[in-house]
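Dear colleague,

Please find the structure below, together with an account of what was found in it. I would be grateful if you could read the account with the model open beside it.

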Amino acid sequence: MREVVVLGVGIHRFGRWPEIPAERLAREAAWMAIEDAGIDPRDIEAGFLGNVNNGPLLGWRVFAEVVQ
């Protein structure tokens, strides 16, 4: 079994924000998690994003941008 560590977490402000794109909210949470972890984004091996209404590729799009 491989050891796994959760170094940081992030969440955007709670509420309904129809004027703000889902990517922007997800990006905000991703950067909060990176800052919480205190790491370089290029060192990320895996990221997990939960969402209800924005399709399965939202996490991929956000993390692809963040780790560049």
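In what follows, a residue is called buried when its relative accessible area is under 20%, exposed when that area is over 50%, and partly exposed in between, with a 1.4 Å probe and protein chains only. This is a predicted model, in which local features need pLDDT of at least 70 and side-chain atom pairs count only at pLDDT 80 or more, while totals for chains, interfaces and linings use all residues. Residues are numbered from 1 along each chain as its sequence is written, and side-chain values use heavy atoms, with hydrogens and water left out.

Overall description

The protein chain contains 2 helices and 0 strands; helices (H or I, at least four residues) and strands (E, at least two) are DSSP runs, numbered from the N terminus. Taken along the principal axes, a box of roughly 40 × 25 × 20 Å holds the C-alpha atoms of the chain. The chain has 68 residues, of which 21% count as buried. Its accessible surface amounts to about 5,700 Å², and carbon and sulfur atoms account for 57% of that; the areas come from the Shrake-Rupley method with a 1.4 Å probe, and for residues only the protein chains shown count as cover. Among contacts (heavy atoms within 4.5 Å) with a separation of 6 or more, 52% are between residues 24 or more positions apart.

The nonpolar core

In soluble globular proteins, nonpolar side chains tend to be buried together. A nonpolar core is here a set of buried Ala, Val, Leu, Ile, Met, Phe, Trp, Tyr and Cys residues joined through side-chain atoms within 4.5 Å. The largest one has 7 residues, namely Ala22, Ala26, Ala30, Ile34, Leu58, Val62 and Val66. H1 and H2 are the elements that give two or more residues to this core, and the largest share, 4 residues, comes from H1. Ala22 is in contact with Asn54 and Leu58, its neighbours within four places in sequence being left aside.

Helix H2 spans residues 58–66, and its buried residues are Leu58, Gly59, Val62 and Val66. These residues lie on the same side of H2, because they cover an arc of only 90° around the axis, the arc being that of the directions from the helix axis to the C-beta atoms. H1 is included in what covers them.

Val66, which is placed in H2, counts as buried because its relative accessibility is 3%. Apart from neighbours within four places in sequence, Val66 has contacts with Ala30, Trp31, Ile34 and Pro41. In H1, Leu25 is also buried, since its relative accessible area is 11%. Leu25 touches His12, Trp17 and Ile20, residues up to four places away in sequence not being counted.

Salt bridges

How many salt bridges does a search of the whole structure find? There are 5, a salt bridge being a side-chain nitrogen of Lys or Arg within 4 Å of a carboxyl oxygen of Asp or Glu.

One of them pairs Arg61 with Glu23, the closest N and O atoms being 2.5 Å apart. Arg61 lies in H2 and Glu23 in H1, so this pair ties together parts that are 38 residues apart in sequence. Arg61 is partly exposed at a relative accessible area of 35%, and Glu23 is partly exposed at 26%.

Another joins Glu65 and Arg27, at 2.8 Å from N to O. Glu65 counts as partly exposed at 41% relative accessibility, as does Arg27 with a relative accessible area of 26%.

Arg42 and Asp40 also form a salt bridge, with 2.6 Å between the closest N and O atoms. Arg42 counts as exposed because its relative accessibility is 61%, whereas Asp40 is partly exposed at 29%.

A nonpolar surface patch

Val5, Leu7 and Ile39 make a nonpolar surface patch of about 250 Å². Patches consist of residues with over 30% relative accessible area and no salt bridge, like charges being joined within 9 Å and nonpolar side chains (Val, Leu, Ile, Met, Phe, Trp, Tyr) within 5 Å. Leu7 belongs to the segment before H1, the helix of residues 22–37.

Yours sincerely
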